[in-house]
Amino acid sequence: MGVFYDEFPFPTFSDENLEEELKYNNREPLEEFAHLSLDVINHYLFKGRGNFSSEFRVLVVGAGTGSTGLYLAEQLTQTNAQIVILEVSKKSMEIAKKRAQIRGLKNIQWIHGSVESLSDIAQTGLFDFIECRHVLDHVVDPTSVLSKMAGILKPNGGISLSINGGVGRGGLIHVQNMVQILTKNEKTSAGKIAAVKEVLKVVPPQNWFHRYKAINPTGHIYSSRHSSGSNSYTDSDIAQFFLKPLDNSFRVGDVYELANKTGLKFVTFSDLSNRITLKLENYLPTNLMKKMAAKDIVTQQKMAELLGLGPFTFHFLLSKETKSEASFDNLDNIPFLFLSPEGLLQVLEEKCKDQDSDGTLSLRMYEDNSHLTQPFSLPCNPHATDFLGSLLKHPGQRTEKILQNLLKKYPELTPEHMFSRMTGFYNAAKHSGQILLRHKSIGGFPRSKISSFYKISRN
Ligand SMILES: C[S@@+](CC[C@H](N)C(=O)[O-])C[C@H]1O[C@@H](n2cnc3c(N)ncnc32)[C@H](O)[C@@H]1O
């Protein structure tokens, strides 16, 4: 794999991109990285109490040209955390190093090597957090590699994994298989790429591959800030999509199996569109959903995966601890808005004035530059709406304080009733990526803000 990625480093990073990087000045990270915001990691893996300062150690496995590793290092510059980057492709690592230098990042230790050396790496100490995006896609035995990662985690440590979604990529996989036959006797990458370009021109309309174009107008399967953004594929795009020597793909059941086999606890799908795509309620009418409600969550997600044909990539968190997530029941936690889509409070204020309602409001989030919308629903009552209002208007308050203030406004409600209204809203908004918790002892993470471009529309 190192040989492939020496020729085609990922994410693709040209000399022009490097020029652009020189103009880099604390741009806000894109939503592509939202699942690696310290806010998310803290909420789901460290009970909201992580301060990332007491010798916090991060390992990025297969960091490529930098993407996720640089984002993590950047968020941690104000701490004494150490980021270790492991990468098997020298060329990719050289690019990542240049980018880190441009960004003034001094908290990274670079290791040129393969996942085989994971156990040796821990000789300098165990890790609190391991990040690994699209690397298990390229190893022969993903379970054994994940076991090695589990073996070098601290007792309360966590892992973020991103792996190919086999159902979501169904159309791509067929073309990949066809391309392998086509290019088998081509000796050079240039010859292979030329052959792929030619065959892509004649992919007939019934081929599932065209679904990608319908979903993503640029046709890019990996979203990358450095992808060409045009309708045509670059040579590197072609290599990344079709010519990797090994490109495993997984189904939702495999995600849980990976956790079970390695003794790790599955915490959550960390990407909001994963959670939405895998939520069966988003597809089934109420009567059918009632029949499925008794089934366990994994069975429901398997059905949702087959109905929604997604996701393309699973992003998820695993922990060594049984319970690593911050709890809403801890009144000393501070709930805060994470993605805060535009227009949400306004819609709820307009639609949810009915005092007694236990109903929900169906909504959609959409991105400006995509026609893909994400369905989600929120409890629809004035108490839940006021809870959201207080997060927006008076950020930084503990749950207990918010509860007290809401009870002053609605003295007719018991504390238990009001808290259950807040909990209902919290759970639904967390599911669609909008609320997280951090403990009162933890300040915010200024470099972890994500520039979200979601807007809300009512169904
Ligand atoms: C698809 S790229 C992902 C890069 C980066 N993680 C990202 O998401 O932007 C896969 C990377 O994993 C690296 N890789 C593949 N097999 C590896 C192995 N056995 N050990 C270490 N790195 C490996 C490749 O060189 C490549 O840079």
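Predicted model: local features only at pLDDT ≥ 70, side-chain atom pairs only at ≥ 80, totals over all residues.
**View 1. Overall dimensions and fold content of the chain.** The C-alpha trace spans about 75 × 55 × 45 Å along its principal axes, and the secondary structure of the chain comes to 19 helices and 12 strands.

**View 2. Burial and contacts within the chain.** Of the 459 residues, 55% are buried.

**View 3. Surface and charged side chains.** The chain exposes about 20,500 Å², of which 52% is supplied by carbon and sulfur atoms. There are 52 positive and 48 negative side chains, and the centres of these two sets lie 1 Å apart.

**View 4. Strand 5 and its surroundings.** Strand 5 covers residues 153-164, and because nine of its 12 residues are buried, where buried means under 20% relative accessible area, this strand is largely enclosed by the rest of the structure.

**View 5. Pairing of strand 4 with strand 5.** Strand 4, formed by residues 127-133, pairs with strand 5 in the parallel sense, and six bridges connect the two. Within this pairing, phenylalanine 129 has glycine 158 of strand 5 as its bridge partner. In a regular strand, side chains alternate between the two faces of the sheet.

Definitions and conventions: Residues numbered from 1 in each chain as written. Heavy atoms only, no water. Helix = DSSP H or I, 4+ residues; strand = E, 2+ residues; numbered from the N terminus. Buried < 20%, exposed > 50% of the residue type's maximum accessible area, 1.4 Å probe, protein only. Areas by Shrake-Rupley, 256 points an atom, 1.4 Å probe, with all protein chains shown as cover. Lys, Arg positive; Asp, Glu negative; His and termini not counted. Charge placed at Lys NZ, Arg CZ, Asp CG, Glu CD. Pairing = 2+ DSSP bridges.
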